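Reader: I have a protein chain here and would like to learn how to read it. Can we go through it in short steps?

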Amino acid sequence: MSQKDIICKATADTFVRFGIVLVACFGFALWFFYDGMIGYREKNEVICSYKAFADLGALANKETDAAVWRSRLEKQPLLQAEQDAEGKPAMKLGDKLYPLPENTEATVACPPEVLDLAQMKNWADCWQKYTERRQLPIKPGEHPYDEGAMREQCIMGCLGLLLVALGLYYVVRTKNRELALRGDEVTAAGEKFRVADIELVDLRQWGTGFKGVAYFTVKGKKIKVDGMTYGGFNKEKGEPAEAFMQAVLALYKGDIVEYEATDSKDSATGA
């Protein structure tokens, strides 16, 4: 029996789906890296600064001399930062160090919002003015982040990039593969074999809710036939994957496992 070769390449929809996943993984990786290197430091600054404002507010309500108040605060930073293992600024709360952004204003000098004693007696208003000027969130986070938390974020970022690399590998592999029937030679899942080598055709997922997936058993090995990825079932294009399957079945003389819609049981029939 002679027939025309059928060659099914990966569909455009397949690469669109790959693209969405890759963009999402890359975006999450960048997000994790940002938090691990910048974001968590900025959140620590807000949390520590808020605590410093609250502490100064409590002291302001006990102070009566505005000149002494201003003179003392002009000589010290808002945050008495220490240095972490890398020599970067960090705030010590309890027995842990919480990294801060480098060269942040709060570690250099007290902001002008805290220098007026009368205003600091209502420190919440001063905090609001400070956050507006610095463009910081007015509400601090629930807890600060130590170096371990930042390291975890960077590790998650690396895992995200690894997923992107794996995804790109599968994109290239998918692009280079095909679902084809040339004469009586079948190409599927990177394998080549003759129709006569097929021992069993499993079509239970070919026409159900998992439409487009079948399995050929060749010399004891199960080979996936992914018609949804290769060729597809677009009626306007002649349903290339279905045309491939029908051409293979026309040459195939062995057993076929099909899905019976009537009683939802599997059956084996000879072609």
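**Reading the chain step by step**

Author: Start with a loop: A189 sits between β6 and β7 (191–194). Keep in mind that this is a predicted model.

Reader: Is A189 buried, partly exposed or exposed?
Author: Buried means under 20% relative accessible area, and exposed means over 50%. A189 has 32% relative accessibility, so the residue counts as partly exposed.

Reader: What is the value of phi at A189?
Author: A189 is a residue other than glycine.

Reader: Which loop holds E239, and what is its phi?
Author: E239 lies in the loop between β10 and α6. With a relative accessible area of 23%, E239 is partly exposed. E239 is not a glycine, yet its phi is positive, at about 45°.

Reader: Now the whole chain. How many helices and strands does the chain have?
Author: Count the secondary structure of the chain. The total is six helices and twelve strands.

Reader: What percentage of the residues is buried?
Author: The chain's accessible surface comes to about 15,900 Å², and 55% of that belongs to carbon and sulfur atoms. Of the 271 residues, the buried share is 39%.

Reader: Which residues touch the most other members of the largest nonpolar core?
Author: This core has 28 residues. Elements giving two or more residues to this core include β8, β9 (213–218) and β10 (221–226). The largest share, six residues, comes from α6. The residues touching the most other members are V186, I198, F216, V225 and F244.

Reader: Which residues does F244 touch?
Author: Set aside residues up to four places away in sequence. The partners of F244 are then I6, C8, L179, A180, L181, V186, F216 and V225.

Reader: How many residues are in the second core?
Author: This core is separate. Its members include V46, C48, W69 and L78. The count is 22 residues.

Reader: Why does I198 count as buried?
Author: I198 is found in strand β8 (residues 198–202). Beyond four places in sequence, its contacts are F193, F216, T217, V218, V248 and Y252. The cut-off for buried is under 20%. I198 is buried because its relative accessible area is 7%.

Reader: How far apart in space are I198 and I223?
Author: In sequence, I198 and I223 are 25 residues apart. In space, C-alpha to C-alpha, the distance is 9.8 Å.

Reader: T11 lies in a loop. Is T11 buried or exposed?
Author: The loop runs between β1 and α1 (12–60). Leaving aside neighbours within four places, T11 is in contact with M228, T229, G231 and G232. Its relative accessible area is 15%, so T11 is buried.

Reader: What accessible area does the nonpolar surface patch have?
Author: The patch is formed by I155, M156, L159, L162, L163, L166, Y169 and Y170. L162 is found in helix α5 (residues 147–176). L162 is partly exposed, with a relative accessible area of 46%. Together, the patch residues have about 750 Å².

How values were computed:
Residues are numbered from 1 along each chain as its sequence is written. This is a predicted model: local features need pLDDT of at least 70, side-chain atom pairs count only at pLDDT 80 or more; totals for chains, interfaces and linings use all residues. Side-chain values use heavy atoms; hydrogens and water are left out. Patches are made of residues with over 30% relative accessible area and no salt bridge: like charges are joined within 9 Å, nonpolar side chains (Val, Leu, Ile, Met, Phe, Trp, Tyr) within 5 Å. Accessible areas come from the Shrake-Rupley method with a 1.4 Å probe; for residues, only the protein chains shown count as cover. A salt bridge is a side-chain nitrogen of Lys or Arg within 4 Å of a carboxyl oxygen of Asp or Glu. Helices (H or I, at least four residues) and strands (E, at least two) are DSSP runs, numbered from the N terminus. Buried means under 20% relative accessible area, exposed over 50%, partly exposed in between (1.4 Å probe, protein chains only). Contact means heavy atoms within 4.5 Å. A nonpolar core is a set of buried Ala, Val, Leu, Ile, Met, Phe, Trp, Tyr and Cys residues joined through side-chain atoms within 4.5 Å.
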